Amino acid sequence: MSTNAYALRDSTTMLRRYLLRARRYPLIGFLIGIPVIMLLLFVYVFGGTLGDGIAAGGGRAAYANYVTPGILLLAIASAPQLTSIGVAQDMAEGIIARFRTMAIFRPAVLTGHVLGNLVQLVVALAVVIGVAVLVGFRPNATPVEWLAAAGLLTLVSFAVTWFGVACGLTARTVESASNLPMPLILLPFLGSGFVPTDSMPGAVSWAAEYQPFTPVMETLRGLLLGTGIGDSAWLAVAWSAAITVFCYLWAKRRFNRDGVA
Amino acid sequence: MPTPSNAIEVTGLRKAYGDKTVLDGIDLHVPAGTIFSLLGPNGAGKTTAVNIMSTLLRPDAGRIRIAGHDPATHADDVRAAIGLTGQFSAVDNFLTGGENMALMADLNHLDRREGRRRVADLLERFDLTEAAGKHATTYSGGMRRRLDLAMTLVGNPRVVFLDEPTTGLDPRSRRTMWDSIRTLVADGVTIFLTTQYLEEADQLADRVALLDHGRIIAEGTPAELKRLIPGGHIRLRFAGLAELESASRVFGASTRDDDALTLQVPSDGGVRSLREVLDRLDGAAVEIAELTVHTPDLDDVFLTLTGRPDTAILEGANNR
């Protein structure tokens with residue numbers, strides 16, 4: 001018999017399990033809180049000066065536009081830490097052994113975590129965009145562009161959530177599960193999230209240009225604010241797909257390491 | 001080829017972690033609809049054996065058939081036939097008892113009505129209906145084990161693995177658990193039970209195998225095994241040497257300790273043998289200062305069969 005036929009049904013069941021558990025420890029507070037604080041910090045503290053560097057005399061208003069995609073990616077980059085902790089904690093529980101001995105779609109417990117985290121992250125991103133509009137973010141996107149931006153944000157969120165799951169399965173303790181995905185938070189800074197990459201010195205600029213988050217941020221700017229997109233769109237999609245596939249296989253391998261798949 | 005009469009067929013099962021051998025070629029044959037108990041101290045390899053048979057762990061060598069299926073090639077067929085209640089509670093602590101049960105109904109792909117009916121039945125049967133709305137973290141040890149077993153049964157398993165199901169339970173909860181296990185067999189389920197308690201194996205099992213250092217050192221019915229153990233005795237203490245002397249004449253073959261003023265008389269620990277000892281002492285008008293009954297236990301089994309006490313195995317207990 002094959003349990004693949006139950007992929008959707010078991011994943012939905014595990015998503016329901018995740019959401020029931022999340023009622024007691026909702027992560028959405030962290031997912032919204034951290035990026036909103038950073039947004040306020042960058043717009044109201046650094047924004048006046050940084051905005052002038054983005055566009056001559058642009059000031060705070062120009063910077064609110066520029067930094068919002070960076071803040072959204074910061075929210076996305078901080079999410080896998082929570083996913084990783086959640087997965088590591090769950091794996092330490094006896095019920096996982098029960099799931100492993102049931103005739104269910106094997107990765108279902110993982111897809112439950114992924115979908116649950118994804119739902120929370122997407123809601124958090126919507127709230128952060130709302131706050132950004134309140135502090136001066138002025139997108140000029142058409143509905144189709146909004147839809148494309150939402151699709152891209154979801155795709156990237158999906159990829160980093162699988163990264164978080166793989167980290168949670170790789171870590172030996174909950175503490176290391178919390179630390180493993182942490183470097184991801186640097187990516188929006190070491191990219192075009194907060195200042196343009198061409199303002200950086202040679203090697204840093206090169207690294208910032210070619211890391212996965214930069215094309216995502218450039219595509220978001222293009223879609224929401226009408227700047228040039230160029231190669232960024234397909235690069236962003238390709239990076240997301242590659243990270244998803246790699247992390248899915250990595251997570252699956254870790255999940256099956258002792259037993260029969 | 002599946003052996004229809006045996007629910008569990010294991011031959012030559014081996015598992016090692018590095019150079020530490022945990023299972024050193026064990027054979028197990030469990031007829032369908034019976035209770036088989038694997039008895040052994042901590043670190044003997046009981047949990048490893050259960051984990052391999054329940055598809056959690058890959059063996060290094062050996063032929064295994066669970067309900068006729070090979071876990072190595074048909075893991076999902078094995079999984080569809082088995083249920084596992086492990087040593088560590090396999091309950092979701094963030095959910096209520098009822099939510100845990102509903103989760104099992106969904107994962108067993110029961111349709112909604114059938115699932116609800118089965119969950120309600122099992123909650124009732126395990127006396128958990130009232131607690132169903134409470135979070136599993138608030139449950140007592142006995143309630144958690146009952147919920148654990150009830151969750152295992154949602155899928156109607158034909159073979160149930162119970163890994164030390166009563167370890168850490170108080171005597172009353174232990175008896176409730178035993179009753180539940182007996183009911184299961186009455187329904188035709190095959191049970192593979194691991195335990196550290198001889199009494200538990202004695203109470204429940206049709207056949208018992210003794211596992212020590214990854215090898216089966218004895219196998220048989222509880223009665224057969226107990227015949228191997230000479231450990232049961234009644235220990236009598238006397239006020240003085242004169243009494244000890246007279247008692248020792250009454251019983252003949254017995255172990256005498258002049259310093260402690262004690263005499264050990266072989267016995268199965270039963271009331272009949274106790275009464276017989278007292279009658280014989282009365283007949284000879286010998287007064288006793290103290291009497292203790294020592295029933296055969298796991299220590300005696302291991303002392304008899306391995307020539308060393310159970311505690312000598314503790315050094316290996318850290319390596320599972």
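**From the chain to the core helix**

Modeller: Of the 320 residues in chain B, 43% are buried (20 or more other C-beta atoms within 10 Å of the residue's own; 12 or fewer make a residue exposed, anything in between partly exposed, with C-beta atoms placed from the backbone). The model is a predicted one, in which local features require pLDDT of at least 70 and side-chain atom pairs count only at pLDDT 80 or more, while totals for chains, interfaces and linings use all residues. Residues are numbered from 1 along each chain as its sequence is written, and chains are lettered from A and ligands numbered from 1 in the order of writing.

Chain B contains 11 helices and 13 strands, taken as DSSP runs numbered from the N terminus (H or I over at least four residues for helices, E over at least two for strands). Its C-alpha atoms occupy a box of roughly 75 × 50 × 35 Å along the principal axes. Among contacts in chain B with a separation of 6 or more, 68% join residues 24 or more positions apart; a contact requires C-beta atoms, placed from the backbone, within 7 Å.

Within this chain, strand β10(B), residues 233-237, pairs in the antiparallel sense with β12(B) over 5 bridges, and with β13(B), residues 290-294, also in the antiparallel sense over 5 bridges. Pairing here requires at least two DSSP bridges between the strands. L236(B) stands opposite L263(B) in β12(B), and its bridge partner in β13(B) is L291(B).

L261(B), in the loop between β11 (255-257) and β12 (262-266), has a positive phi near 60° without being a glycine. With 17 other C-beta atoms within 10 Å, L261(B) is partly exposed. H109(B), likewise not a glycine, has a positive phi of about 60° and belongs to the loop between α3 (97-107) and α4 (112-125) of chain B. H109(B) counts as partly exposed because it has 18 C-beta neighbours inside 10 Å.

The largest nonpolar core holds 144 residues, and those with the most contacts inside it are A75(A), V128(A), W162(A), M101(B) and A150(B). Such a core is a set of buried Ala, Val, Leu, Ile, Met, Phe, Trp, Tyr and Cys residues joined through C-beta atoms within 7 Å. Helix α3(A), residues 59-91, gives the most to this core, with 17 residues. Apart from this core lies another of 10 residues, including L236(B) and L263(B).

Beyond its neighbours within four places in sequence, A75(A) is in contact with L31(A), P35(A), A124(A), L125(A) and V128(A).

An unreviewed UniProt entry annotates residues 66-88 of chain A, among other segments, as "transmembrane region"; such annotations may be inferred rather than shown by experiment, and positions follow the numbering used here, with feature names shortened. Residues 66-88 of chain A are 100% helix and 0% strand, with end C-alpha atoms 36 Å apart.

Notes. Two residues are in contact if their C-beta atoms, placed from the backbone, lie within 7 Å.
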